[in-house]
Amino acid sequence: VLVIAQKKVAEDTWQTEARKWDHLKHLRVASVMGTATQRINAAMSAADVYVINRENVQWLVEYFGWDWPFDTVVLDESSSFKNSQSKRFKALKVVRPKINRLIELTGTPNPHGLMDLWSQIYLLDGGKRLGRTISVYRDMYFVPDKRNRTTIFSYAPKEGAEESIFQSISDICISMKAADYLELPDMVYEEIPVVLDNAARRAYSQLEREAILQIPDEETITANNASAAVLVGKLLQMCNGAVYSNDGHIVPVHDCKLEAFMETVEQLGGQHALVCYFFKHDLDRLLTALQKTSLRVRVYHGPQDKDDWNAGLIDLLLIHPTSCGYGLNLQMGGHHIIWFSLTWNLEEFQQANKRLHRQGQKLPVIVHMLVVQNARDEDVIRSLNDKDHTQERLLESLKVRIAAVKGGVQK
């Protein structure tokens, strides 16, 4: 059996879980990780289960070629194979005929819409249910949505497409919600408003205006537009209190959110919390501020940090949702999670919160979200609250802001 997982999950989670269960303790689990030599040695060792991170799937396929030895493959978080143009998908597609049984696990099968399903289902059935190519799938179930004269930026499902798709794959997919099988405590969401002081508001407005004036007309802003992505990232950085300049230097803007974060930590009264950050300068500023406290602070790097957290040896564990949002069992170490940096990505948001809200958690999980008022943070929160899986809400709000700023300049 080959298990393909996110890197931090592949390093530890499957191995640790196997040791916990009496009927699994005898299994030999090999970690196909590290240097090329270490990976080869692990892949050629005598084991029952081989675990590899998804980034090395292409390497594994190229190494074994048509002598592929794994007759069963488990995709732990199959949505990481949702892109049919990715190297990992194309590599696994090559050896799919050599795999007798493929099992896919995910809590978010279509994180950005129904289009994400095709490649995952293709790996299961070779295209029998949703078409042998993504173009066939698009023609069957979608119509062009956002577009200009020559380019289609997105597709919208045809009427009844969702029901038809779900019916087509119902014989090979099963949905099991934790709430239907486990008695889990509640998850409570708390929005903590952050008000910028006058100096911070002026700095934010100036930086926002300068960034907006560098991008094209608001009508050209689409999900595939690089300018929009850069602008969204810069505005969210501004909310956190610092931005990267064009030459990569950090430009401090304000400490308002950082002060709100420290107040939130103080109000926890010693209770442990996960802290989500996104930008490197966020992490640096958080660590600098926390150095002045007596709290035991750790940045997540690997299995030892997970074990120490669950053992109660860490007060604040700083995690990056992109790399720590899947598969890690952190429910034994605390029940608070603080979002210093917000994400518009609903999948990342839900998955990170689920590190605490899972079987074994005995207390209500409280999700604290630091939200700068009258800024892009509020758009992110509205998107998450409405379970909007795309950037559309953010992009639409940017169009309004761009029009307002540029209109003011013209006047």
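I note that the model is predicted.

**Entry 1: helices α4 and α5**

I looked up the axes of α4 (residues 87-95) and α5 (residues 117-125), which come within 10 Å and cross at roughly 20°. I therefore recorded α4 and α5 as roughly parallel to each other.

From α4 I noted Phe89, Leu92 and Lys93, and from α5 Trp118, Ser119, Tyr122 and Leu123. Sorted by class, this contact has five nonpolar residues, one polar and one charged.

**Entry 2: burial of strand β3**

I turned to β3 (residues 49-53) and found it mostly covered, with five of its five residues buried. I also checked the directions of the side chains. In a regular strand, side chains alternate between the two faces of the sheet. In β3, I found Val49, Val51 and Asn53 pointing one way, while Tyr50 and Ile52 point the other way. The residues on both sides are all buried.

**Entry 3: pairing partners of β3**

Which strands pair with β3, and in what sense? I found β1 (residues 2-5) joined to β3 by four bridges, and these strands run parallel. Within this pairing, I noted Val51 of β3 as the bridge partner of Val3. I also found β2 (residues 29-32) paired with β3 over four bridges in the parallel sense. Here I recorded Ala30 as standing opposite Tyr50 of β3.

Terms used
Residues are numbered from 1 along each chain as its sequence is written. This is a predicted model: local features need pLDDT of at least 70, side-chain atom pairs count only at pLDDT 80 or more; totals for chains, interfaces and linings use all residues. Side-chain values use heavy atoms; hydrogens and water are left out. Axes are lines fitted to C-alpha atoms, for helices over the stretch in contact, and angles run from 0 to 180 degrees between N-to-C directions. Helices (H or I, at least four residues) and strands (E, at least two) are DSSP runs, numbered from the N terminus. Angles under 35 degrees count as roughly parallel, over 145 as roughly antiparallel, 65 to 115 as roughly perpendicular and the rest as oblique. Contact means heavy atoms within 4.5 Å. Ala, Val, Leu, Ile, Met, Phe, Trp, Tyr, Cys and Pro count as nonpolar, Asp, Glu, Lys and Arg as charged, and the others, Gly among them, as polar. Buried means under 20% relative accessible area, exposed over 50%, partly exposed in between (1.4 Å probe, protein chains only). Two strands pair if DSSP finds at least two bridges between them.
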